[in-house]
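Open your viewer and keep the selection panel handy.

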Amino acid sequence: MKNQLTESLVWKSLQSHFQELKNTSLRTLFAEDNKRGEQFSIHDLGIFFDYSKHRITTETIRLLTQLAKERGLARGIQAMFSGEKINITENRAVLHTALRAPKGSVVMADGRNVVPDVHEVLEKMSDFANHIRSGRWKGFTGKPIRNIVNIGIGGSDLGPVMAYEALKFYAQHNLIFRFVSNVDGNDFAEAVRDLDPEETLFVVSSKTFTTLETMTNARTARTWLLGKLISESAVARHFVAVSTNEKEVSSFGIDTRNMFGFWDWVGGRYSMDSAIGLSTMIAIGPENFYAMLDGFHQMDEHFRTAPFERNIPVIMGLLGIWYIDFFNARTQAVLPYDNYLKRFPAYLQQLTMESNGKHVTLDGMKTDYQTGAVYWGEPGTNGQHSFYQLIHQGTSIIPCDFIGFRTSLNLLPLHQDYLMANMIAQGEALAFGKSAEEVKKEGVPDHLAPHKVFEGNRPSSAFFMEKLTPEFLGRLIAMYEHAVYTQGVIWDINPFDQMGVELGKVLAMKIIPELQDKSKPLHHDSSTNSLIEYYRG
C-alpha cells in the first residue's frame, strides 16, 4: 500500500520537477540569474543564510513550501508550542521550547502553566552555580571545588560537552571541567587521573537515576571519592543530581536539596537548556546561560511566526527532504569554521539521527520513501585535509552546511581572514568546480587532466554570523532542532521517541551475567555464542 505522502499531487509534481532539473548545473543557474545569491538567502536574527548554491529554482521552493503546507506543518508547529501530546508513542507533550520561554510566559501542559516551574529550577541552578564559581561551596574537607565532572550519556552528555567546548571562551578558567559518558572504564579513569577528590564535584545526570552507563560511572566515582575521603558523609558535598527519582538519589547519598529536576516533556536530545545544562551554567555563569536561552527563544519565535518562504529552519528541513528523497543523498556534512564548535557535528548526530531515523509513520505503516540522513563533520580547515576529497570528487552527493563567523573570539592577526577565505572558497569550489577545458588551459598534460577536473554542482548552505556568543549558540541549536521537526512532520514520523536504542540494551543485560559466569549455558546464535566464549577465555 502506498503512503499518502508519495501519492500526493505535490509530491508527484516534485518528482516531475526533479526530472526536469536534475541535470541542470549550478553554473547554468547562476549564469541565468545574476541576483541568485540575493534571491536565495535569508538574513534574520543576525544570521545570513545563503542557500543559493543548492540545485533549486524558485519553482523548487514553491513546491517544497506547498508540500509543507499540505502536510500540515503550520498545524504541527502550533501543536508543539501549545503543549499537545505530539509524541504519540509515549503519550507526551514536546515542550523543549518552554525551557527557554521568558518568565511571565504561558506554556500549558496538562492544564498547567509550566513556565514558573522552569524558572524555579533555573533560579535554583543559578544559586548553586554562583556558590561553586565563587568558592563558597566547600568540599567535605573545607576546600573549594575546582573540578566539575559531568556524568551522563546521550543527551545528558552530548549537549553539555558541546556547549562547554563551544563557549569555553566564556568559561571561568580557574575551574576544570570533564565529561564522562562511556561505560568503558578508560573514560572515567582518564577523566579523574589528575584530579583531587577533595576539590571535585560530580554532576550525575539521569532522569530515572537507573541508566546503566551513567550509574555504573556514578558508583565508580563514589568509590573513587571515598577511597580518599573515607566518610560516607562526603558524598553529599561532592555529588549533585539532575534527576526526577528522589528515592534513588537519596539512596545514593546525595542530599535531595541538591537535586535538579526536569520533566517528561523534555526529550534527552532536546534537554541541554534544562537542568541537564547545570555544568554549562557553572562553567559560563548564569548570565551567559540566560543569554543562550534567549537565543534559543528568538529562533523559536522565528520558526513559529515567519512565513515558510522566509523561515530558516523550514527551508533547511525542506532542502534536506529534496536531497534525501529526490537526489538520494544519504549523508549531510556539517562543517563549522570555528574550532570552538568542534563537538557540534557530534551533537547534531544524536539530534538528527535519533529523531528522524525512523521507518514507520505515526500510524505504524512502513514508509515507501527515505527518512533521515547520516550527519557528520569536523571543523574547518582540518576537514579540508581529511575528507573533503570525497565531497569534491567522490561519486556521492553530500550536501554541506558551512558555519562561520565574521569576528573571532581570539583576535590573532590574519587567522580569521584565512579561515573565512577557506570557508567561502570551499562553497564556491563545490558549486562551480573546474572543467576539463579550464584544466587544459592551465597547461595540465592530457593524461593528468581527468584527475584535475572538479565536476562541481555539489550543493551547500552557508550560515554566517557576527561572533560565537551564547546567544548565537542558542539560535544555532534551535535552528537545527526545528529543521528536524519540519522533516518529521512532512515524513509523518515521530521525531521525539527513540525505540531503536532499546533492543541492544535489553540484550546486553542478558549477556552481562553470561560473561561473568562461565558455567551459564549459551542459547544465542552461533556467532554471538562464539563471541561470548572468546571473551570468557
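Contact here means heavy atoms within 4.5 Å, and helices (H or I, at least four residues) are DSSP runs numbered from the N terminus. This is a predicted model, where local features need pLDDT of at least 70, side-chain atom pairs count only at pLDDT 80 or more, and totals for chains, interfaces and linings use all residues. Residues are numbered from 1 along each chain as its sequence is written, and side-chain values use heavy atoms, with hydrogens and water left out.

**Stop one: two helices.** Select H15 (312-325) and H21 (470-491). On the H15 side of their contact you will find, among others, Ile312, Met316, Gly320 and Ile324, while H21 brings residues including Met479, Ala483, Gln487 and Trp491. The axes, lines fitted to C-alpha atoms over the stretch in contact, lie 8 Å apart at an angle of about 55°. That makes H15 oblique to H21, as angles under 35 degrees count as roughly parallel, over 145 as roughly antiparallel, 65 to 115 as roughly perpendicular and the rest as oblique.

A cavity is a set of points on a 1 Å grid over the protein atoms alone where a 1.4 Å probe fits but cannot get out; lining residues have an atom within 4 Å of a point. Now select Met316, Gly320, Gln332, Tyr375 and Asp401, the closest to its centre of the 17 lining residues. Which helix gives the largest share of the lining? H15 does, with 5 residues.

Key:
1 Å grid on protein atoms, 1.4 Å probe; cavity = no way out; pocket = protein on both sides within 12 Å on 5 of 7 lines; lining within 4 Å. Axes fitted to C-alpha atoms, helices over the stretch in contact; angles between N-to-C directions.
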